[in-house]
Structures are given as C-alpha cells and as structure tokens.
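User: Could you walk me through a few features of this structure, one question at a time?

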Amino acid sequence: MKRFNYQFVLSTIGLLLIIEAVFMLLSALVGEYYNETAVKSIYFSAVICFCTGALITFMVRKRRRTTGNLTKREVFLTVTLSWLVMALFGTLPYLFSGAIPSFTNAFFENMCGFTTTGSSTLVNIEAFPKSLHFWRSFTQWIGGIGIIIFVLSFMPIFGGISSQFYEAEATGIAEDQFRPRIREITKQMSLTYLGLTILGFFFLWAGPMDAFDAACHTLTAISTGGFSTKQASIAFFNSPYTEYVITLLMFLGGTNFLLISTLVTRFKPTIFKDEEFKWYFLIIILFTVGITIALLTTGRMNDIEQTFRTVLFQVVATVTTTGFATADFQLWGSAYWLLFLVMILFCGSEGSTSGGMKISRLIALSKNALLVFKRQVHPNALYVVKMNRKVITGETLSRLFAFVFLYVSIAVISAVILGLTGMNFEESIGVSLSSISNYGFGLGSYGPSGTFESATPFMKYYLSFLMLVGRLEIFTVLSLFVPGFWKR
C-alpha cells in the first residue's frame, strides 16, 4: 500500500485558503463602496487566510507534490478538510467585526453558507453590515457549485485523479460517464452557473430590488441557498414580479446545469427528453396544483393568483432545498407540512446546486421496485433498470441502496439525538431532515418564521456536521470514520 500523501492534502488546503482570501476581498469592495467600518475586519481576515494558506504551501514546497500516488483516502480527507477549513476561516469577518461575536454562531452561520443551507442564527438581519451580507451570500454561491469543482474548472492542479475529486463533491448517480472528460464537464457547469447568476442579477434589479439586494438574492437563489438580506425573507419586498423571478432562479438552480448548457450553447433540446427533468418538472406541477386547490377549497386562501404564486414559490423552494419563504406553510395545517417534509427528501437534479437525495435516485428506486413485481410474474426473464435509455449497473444500484439506507438512518438517529437535547417530536424530525437535505427550515420554532439562535451549542455543532455530511453526499465524510478505510 502506498504511503499517505499528506503533502498533497496540505498544499491543496493551502491553495484553497488563498482562493478564499481573494473571495473575501470582493466583499471588502462592497464595504469600501458603502464606507463601512466592517471592511477593516474583512481585510484582516483576508490577510490571515492568505498568510496561513501561503505558509502551509511554503512548508510542503520541498516535498514532491504528485497526484499519481493518491488514493481515495487522500481525496476524501482533502475534500472534507477543505470544506471544514474554509468554513472555519470564513467565520473571521463575523468575529473580528463583532457582527456575530459568538464563535459557535459564526461557525454555524458559515457552515450554513458553504453547504447552501438556509438556516440562520441572526435575529436582526437588517442591522447586519452590507459587506458581511455580501460575504454571507457569496459563501452560498461558492458552496452551490462546490469549491473543488470550481478549482477543477479553471486550475488543472489535480491531474489524472480529477474524477475522484469530482465524485467526492458532486451530487447524483451519473458521475461515471463523466470521468474521461471531467475538466470539460466542470468548466461547462461553472460557466453556466456564472451566466445564470449574471442574468438573474439583471432580472431582479429590473424589479423593486436595488442593485445590492438583487446581487445578494441572485447569489443565494441560483445556489439554492436561501440567505436573504431581510428578516422577512422574500415576503419583505411584497412583489409578485420578484417572487416569480426568484422562483425561476431556484428552478434553474435545481436543474442539471449540463442540460441547460447543452440547450443554450448547442441548441439541443436534450433537457426536454431527460427523464430526471421530466420528473422534476412534474413533481413541482403536481404539488403546486394539488396544494393550491386544497387551500382554495378549504378557504384558507381566497385569491387564485396569489395562492398559486405563494404555493409555487414554496414548492419550488422546498423541492430545490432553498431556504426562502413568502409564507409559513406550518400555518396551513399538519397535512401540508407533512407534504413539505416529503418534498425535502427527493429533490432537485443531479448536477445542480440543490440538496436532498436527488430525483435521479427516486427514479432508479421506483423502476427497480417495479421490476421486483415483474420478476415475481416472470422469474426467468432478464430485466434491467434503465434511465435515459442507459442501463444502471448493479454496482451503481448497490451504492444507491446503501446511500438511501444511510441517509434515512442518519436522519432518524439525528432526530432522536435532537429530541434528547430538548426539541419536541415535530421539531426534531423537521430539523433533522432539513439539515441533512441542506434545506434550512425545520418545524415548530425552527420553521420559516423562526431562527436557530436559541439552539444549544451542541445542536449547532451537530447540525453543522449533519449539513456537511448531506452536502458531500454521506460517503465522502463518513468513510473517514471507518477504521478499514485507513488500513494500508
């Protein structure tokens, strides 16, 4: 067995800290424009990030940093530590400025940012400095595409093992087909992500939002994160135009970026033939129409257009795991929040920024269940599971079943753990599913109208861990805790 290449792990983390320092300077520019005192804290944080990254890189410079002798041990550890370290150093602007004086709250807020989870500890968002608002929104934009994928797109530092890094950070079940051209794929995704961000900004700016609010909400909508510059979230703007634009941005953020890119650059309508996109679109339509009719017929809401718009916004936000809100769905009744919990589970598309188990897995599970019934009738027949006319291999199905089992098991165990800390049954179930799915809203006092400010320090750290596990799709993080994974 090859020796553990710790030099590569450290040098990669050092490089990412330097990149994070550059990202912080973008927020500093916002502070300079608005002449905020918090800008000094951002500069100081950027200097610490840069110097730490440069020091780490300098310390391992004499060691040969090759990628040919890397195994999944180095890959999984590098990806997990990269996200943890970036979240850790990302707290510095909050701490130095005093905007979030508690390290626990600052770390929780930053982990919510990088994992694109809409949870927050802030109780007076409007009083937050604009420069830190932008940093808060920008962390979700970085986390949406994935920092490793971003580096893969424009900096060829991972060589022949790029596919392993992509697999460790990307979402979905179709990574295998991308391996021969991984750099091309990641660059295509990143450019599509950037293009949608720019378009979204101008569309939001054309409405009642000013340029700053439009920028922040575009960053958190296309990344399906959900951070807002307003305590009341999108409801603050009271604008049907704004709600429809953000609904579209969330929908696009939950769509496979490769399909969008193919449609725009090559004019190929592949997206409309894609099974996952069809299911994604159909799920949104069915839940929207069903809940709208139910709310109107029961008299909970009266205006048809407003009801449709509100339900559409909340359904798309939930299916794409975006923590935006224009209404508190808990007030509609227990049947409705149960529906929203179901939507949290299988949501968004692979190759998108949304969390959850992904609709591609729901399709594969459904088709496999159907084949079980067919085999009961025709036991000698040969059946295979296909998606988009491609056979899903037995190895992929095995990994899929393991993923779903672990996902549900972790959610249930986490609900029990949260219940032991003082949450009631509804809150523990809602927060557990919401965190591992990177949604943001739970139930009860942690629903759309609440915050996590009152949560205990243990809960905040545990939920931060749960968000990271969900964002990196379980195996990347949990493999590090398996003793056999480290055997030489």
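This is a predicted model: local features need pLDDT of at least 70, side-chain atom pairs count only at pLDDT 80 or more; totals for chains, interfaces and linings use all residues.

User: How are helix α16 and helix α17 oriented, roughly parallel, antiparallel, perpendicular or oblique?

Analyst: Two packed helices are described by the angle between their axes and the distance between the axes. Here α16 (residues 359-377) and α17 (residues 394-420) have axes that come within 11 Å and cross at roughly 110 degrees. Axes are lines fitted to C-alpha atoms, for helices over the stretch in contact, with angles from 0 to 180 degrees between N-to-C directions; helices (H or I, at least four residues) are DSSP runs numbered from the N terminus. Angles under 35 degrees count as roughly parallel, over 145 as roughly antiparallel, 65 to 115 as roughly perpendicular and the rest as oblique, so α16 and α17 are roughly perpendicular.

User: How many nonpolar residues are in the contact of α16 with α17?

Analyst: Contact means heavy atoms within 4.5 Å. R361, A364, L365 and N368 of α16 meet L397, L400, F401, F403 and V404 of α17. Ala, Val, Leu, Ile, Met, Phe, Trp, Tyr, Cys and Pro count as nonpolar, Asp, Glu, Lys and Arg as charged, and the others, Gly among them, as polar. The contact has one charged residue, one polar residue and, for the class you asked about, nonpolar residues numbering seven.

User: At what angle do the axes of α10 and α11 cross?

Analyst: The contact involves H217, T218, A221 and I222 of α10 with I246, L249, M250, L252 and G253 of α11. It divides into six nonpolar, three polar and no charged residues. The two axes come within 8 Å, and they cross at roughly 35 degrees.

User: Is S45 buried or exposed?

Analyst: S45 sits in helix α2 (residues 38-59). Beyond its neighbours within four places in sequence, S45 touches M24, L92, P93 and F96. Buried means under 20% relative accessible area, exposed over 50%, and partly exposed in between (1.4 Å probe, protein chains only). With a relative accessible area of 0%, S45 is buried.

User: Is F267 buried or exposed?

Analyst: F267 lies in the loop between α12 (257-266) and α13 (275-297). Its phi is near 55 degrees, a positive value in a residue other than glycine. Since its relative accessible area is 71%, F267 is exposed.

Definitions and conventions. Residues are numbered from 1 along each chain as its sequence is written. Side-chain values use heavy atoms; hydrogens and water are left out. Helices (H or I, at least four residues) and strands (E, at least two) are DSSP runs, numbered from the N terminus.
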